[in-house]
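Welcome to this short briefing on a protein chain. Take a moment to look over the sequence and the 3D view, then read on.

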Amino acid sequence: MLEAPNRRPARFITFEGGEGVGKSTQVRRLLTNLSQRAIDVVRTREPGGTPKAEAIRSFILQGRSEAWGAGAEAVLFAAARLDHVNEMIAPNLAKGTWVISDRFCDSTRAYQGLTGGVDDRLINALEDLALDGHTPDLTIVLDMDPLTAFKRVEQRTLEEGLQATGDRFEKEEIEWHQLLRANFLDIARNNPDRCVVVSAEQDEEALETAIWTVVSERFPELQGRSLA
Ligand SMILES: Nc1ncnc2c1ncn2[C@@H]1O[C@H](COP(=O)(O)OP(=O)(O)O)[C@@H](O)[C@H]1O
Ligand SMILES: Cc1cn([C@H]2C[C@H](O)[C@@H](COP(=O)(O)OP(=O)(O)O)O2)c(=O)[nH]c1=O
């Protein structure tokens with residue numbers, strides 16, 4: 001099939017960071033901002049994004065893989081990612097649809113690798129195989145003090161009368177989450193062309209504006225696009 005002339009490639013954007021820093025909220029807001037500028041875009045999440053990957057998600061987040069250790073969990077996250085890339089991310093990008101993912105490969109490197117102690121060689125090999133060249137064009141690393149993030153989540157849970165989930169990784173000690181934060185910052189430092197760190201300690205609207213500035217500067221095709 002002939003390529004349409006001057007057609008820009010679809011972009012792949014990921015959001016990373018610790019628990020409760022506002023990733024899902026900002027993924028939704030960025031999706032709206034892009035859609036309003038007539039960009040075809042979908043949002044997805046990890047672990048998950050396809051039925052098979054969602055099955056692996058519930059298995060891990062219920063704590064059923066915990067006893068196997070961080071190395072086996074890294075393999076499970078990569079198995080979910082392989083399906084997610086092959087069945088969802090790659091086909092969307094191929095047809096010109098932008099993809100925004102709430103977490104992706106940096107989560108495995110940060111949680112299982114740098115914080116969980118899994119050997120770099122396994123993390124690198126899994127990343128290489130699962131991504132198969134589908135490295136994100138831009139990764140927004142949302143950074144904030146984990147205690148403040150937990151307080152936010154607690155506050156909302158109380159306000160909305162929700163049940164606290166206590167997922168597999170949410171119950172780790174605060175020191176563990178502080179180390180996780182430092183490790184996400186290290187990943188960003190080691191990938192300066194791809195990652196941009198944005199402080200998540202600002203209200204939702206201010207953070208949305210900060211992220212929009214990063215995204216629109218990174219992708220020149222967005223400049224001058226008026227709101228639909
Ligand atoms: N900038 C913000 N300021 C205050 N509260 C926020 C902000 N962004 C999100 N929240 C609230 O914090 C909680 C976690 O947000 P969420 O987007 O689900 O984070 P994550 O996806 O990183 O876990 C939610 O209750 C959400 O409503
Ligand atoms: C994608 C991925 C997630 N995780 C963890 C991070 C979260 O604790 C959990 C995903 O749960 P989720 O409820 O999506 O967390 P959050 O709202 O904080 O993004 O899985 C890993 O440990 N490794 C990975 O590769």
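F59 is partly exposed, because 15 other C-beta atoms lie within 10 Å of its own, whereas a buried residue would need 20 or more and an exposed one 12 or fewer. Keep in mind that this is a predicted model.

**Around F59**

- You can find F59 in helix α2, which covers residues 51-61.
- Leaving aside residues up to four places away in sequence, F59 touches R64 and S65.

**Helices and strands**

- The protein chain contains 8 helices and 5 strands.
- If you trace the protein chain along its sequence, these elements come in the pattern β-α-β-α-α-β-α-α-β-α-α-β-α.

**Overall shape**

- The radius of gyration of the protein chain is 18 Å, which agrees with a compact globule, because a globule of 228 residues would have a value near 17 Å.
- Along the principal axes, the C-alpha atoms of the protein chain fill a box of roughly 55 × 40 × 35 Å.

- Among contacts in the protein chain with a separation of 6 or more, 81% link residues 24 or more positions apart.

Methods. Residues numbered from 1 in each chain as written. Chains lettered and ligands numbered in written order. Predicted model: local features only at pLDDT ≥ 70, side-chain atom pairs only at ≥ 80, totals over all residues. Helix = DSSP H or I, 4+ residues; strand = E, 2+ residues; numbered from the N terminus. Contact = placed C-beta atoms within 7 Å. Rg over C-alpha atoms; globule rule 2.2 N^0.38 Å.
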